[in-house]
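I opened my notebook for this one and jotted things down as I went. Here is what I looked up, in the order I looked.

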Amino acid sequence: MKVVLEVSNLWKFFGKSPVLRGVSFSVREGEAKVILGPSGAGKSTLLRCINLLIKPDRGSIILDGEEVTAPGVNVARVRSKIGFVFQHFNLFNHLTALENVMLGLIKVKGMNRDDAFKVARESLLSVGISEDLWSKYPAQLSGGQQQRVAIARAIAMSPRLVLFDEPTSALDPELIWEVLRVMEKMSKERMTMIVVTHELGFAMKVADEVVFMDSGAIVERGPPEEVILRPRNERVRRFMERMQYVYSLK
Amino acid sequence: MNGFLTYVPVILMGVWNTLILSTAGFLLATLLGLLMAFIEVFSPKPISITVDWVTRVLRGVPLLLALLLVFYGLPRVGIALPNIASAIIGITIVDSGYQAQLFRGAIEGVGERQLEAAYSIGLSKWAAFRYIIAPQAFRAALPGWLNEFTIVLKDSSIAYAIGVTELFTQAVHVAQVVLDYLQPLILVSIVYFSICYPLSIISERARRKLLAMGVAAV
Ligand SMILES: Nc1ncnc2c1ncn2[C@@H]1O[C@H](COP(=O)(O)OP(=O)(O)OP(=O)(O)O)[C@@H](O)[C@H]1O
Ligand SMILES: [Mg+2]
């Protein structure tokens, strides 16, 4: 299967302290990769490097065969091929739900309004945002609705890859499922995605591979049943025991 | 009546100069304020800090001082301006410091998250400013900007000190002729009020509407 993203030996320092210490992995087309790990492990930093929001100090990132970390690369063009879903949704406050989705189609992809509207409509409907919500501003939507609009904004651009950074961490528990369900559907439709999350149930159901990060490095990786239920690494085992305490109903 | 009514048109003639003074001074201050705000937000630290310091100094200058300085002071160095031009320049100088602060707050208030989202869909730096930062900053600044105009309008009466024939000056002259301050000054109050009140209503409406959209005004 075709490789969409290849991250090799990625290093990032903030000041003197290394936040990423030689991270390498690749993502195949249609794959859902879930990244787990404790706070401060460098998960957000990794996603932000891939999206070129921050520049890694060493290592390379290859997207669709193009080295995007090379000097002289058109950063905006690369970003338009990668969707990003943020923890705090980050919808454009001054635009309606529909306009949030249409903006990139018009200003980045150069579509006319009619075509942009058709694409935006498809995206919004696919995440379950019905027409009565399209003219609402973000402040008038629930958290779950905002995050689904944000997902629609990302997928409308037909990205090669969508990155999710704790997409449900800012949501009330009852709204989490509606976002996870949309993400599960995306994965079934073979969208390539990297998801940073603490939702182990989602990881079990959807992940093709789970990657566990600690202190800037990948310490364990494998199928979700292995990493989550039978971790080999001591640090991962401790993490999973704590998660069991939080989430287990038995 | 002590002949006051016959002088009402004389007082109202002052309205024109008041409007010219305050509108011209205010709009020029907007241009200058925007320029300084952009420099403060987008230029390297040393320049930004210098400009910030300049705006503080400007905000510290009493308008009366600025007017006297421009009208009576500048001729000493060979720059003699008519009193109305001096008043406009004085208002521009002082108010630009306040407007710079207003616009800077509005731009910075938009926040990193909006910018990151703009970048994430592939907007360039310029496009992110044009389509995301600027519209939100503009909305956030609008209520404060309208309020600022009402302040400038009232402060323009200080141009009385350099003899500009604006609303307040006319009223005082009429008062001296008809030997009654009460009626002319009440008329002047009504004029100021009837310009400022609608503006403050619009400003308040804008503020509330923006809040409903999730944009907090500065
Ligand atoms: N801009 C920055 N400047 C300095 N240090 C930073 C910056 N961004 C992140 N860090 C540090 O880098 C480390 C990794 O941060 P990162 O946000 O990538 O962790 P994370 O795995 O996403 O954690 P969390 O679960 O809390 O989101 C942390 O120690 C953080 O304090
Ligand atoms: Mg994080």
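**Ligand 1**

Which residue has a backbone N or O atom 2.8 Å from an oxygen atom of ligand 1? I found that it is A:Gly40. Before going further I noted that this is a predicted model.

Next I listed the residues around ligand 1: A:Phe14, A:Val19, A:Pro38, A:Ser39, A:Gly40, A:Ala41, A:Gly42, A:Lys43, A:Ser44, A:Thr45 and A:Glu166. I then looked up side chains from that list. The side chain of A:Ser44 has an N or O atom 2.7 Å from an oxygen atom of ligand 1. For A:Glu166, a side-chain N or O atom lies 3.2 Å from an oxygen atom of ligand 1.

**Strand β6 of chain A**

I moved on to strand β6 (residues 82-85) of chain A and asked whether its faces are covered or open. Both are covered: A:Ile82 and A:Phe84 are buried on one side, and A:Gly83 and A:Val85 are buried on the other. I reminded myself that in a regular strand the side chains alternate between the two faces of the sheet.

For the pairing, I see β6(A) running parallel to strand β7 (residues 161-165) of chain A, with four bridges between them. In that pairing, A:Gly83 sits opposite A:Val162 of β7(A).

**Nonpolar cores**

How many residues does the largest nonpolar core have? I get 53, and the residues with the most contacts inside it are A:Ile151, A:Phe164, A:Met183, A:Met186, A:Met193 and A:Met240. Helix α5 (residues 143-156) of chain A contributes the most to this core, with seven residues.

I followed up on A:Ile151. Setting aside neighbours within four places in sequence, I find A:Ile151 in contact with A:Val85, A:Val127, A:Phe164, A:Val179, A:Val182, A:Met183 and A:Met186.

**Salt bridges**

My count of salt bridges over all chains is 20. I picked a few to look at.

A:Arg77 and A:Glu66 form a salt bridge, with their closest N and O atoms 2.9 Å apart. This pair links distant parts of the chain, eleven residues apart: A:Arg77 belongs to helix α2 (residues 75-80) of chain A and A:Glu66 to strand β5 (residues 66-67) of chain A.

A:Glu226 and A:Arg230 form another salt bridge, at 3.3 Å between the closest N and O atoms. A:Glu226 is at 30% relative accessibility, so I put it down as partly exposed. A:Arg230 is at 48%, so it too counts as partly exposed.

B:Glu108 is partly exposed at 43% relative accessibility, and B:Arg104 is partly exposed at 24%.

My last entry is a network: salt bridges with shared partners join A:Arg28, A:Glu31, A:Lys33, A:Glu209 and A:Arg221.

Conventions:
Residues are numbered from 1 along each chain as its sequence is written. Chains are lettered from A and ligands numbered from 1 in the order in which they are written. This is a predicted model: local features need pLDDT of at least 70, side-chain atom pairs count only at pLDDT 80 or more; totals for chains, interfaces and linings use all residues. Side-chain values use heavy atoms; hydrogens and water are left out. A salt bridge is a side-chain nitrogen of Lys or Arg within 4 Å of a carboxyl oxygen of Asp or Glu. Helices (H or I, at least four residues) and strands (E, at least two) are DSSP runs, numbered from the N terminus. Buried means under 20% relative accessible area, exposed over 50%, partly exposed in between (1.4 Å probe, protein chains only). Two strands pair if DSSP finds at least two bridges between them. A nonpolar core is a set of buried Ala, Val, Leu, Ile, Met, Phe, Trp, Tyr and Cys residues joined through side-chain atoms within 4.5 Å. Contact means heavy atoms within 4.5 Å. A residue is near a molecule or strand if one of its heavy atoms lies within 4 Å of it. A polar contact is a pair of N or O atoms within 3.5 Å; within protein, one must be able to donate a hydrogen and the other to accept it, and residues adjacent in sequence count only if both atoms are side-chain atoms.
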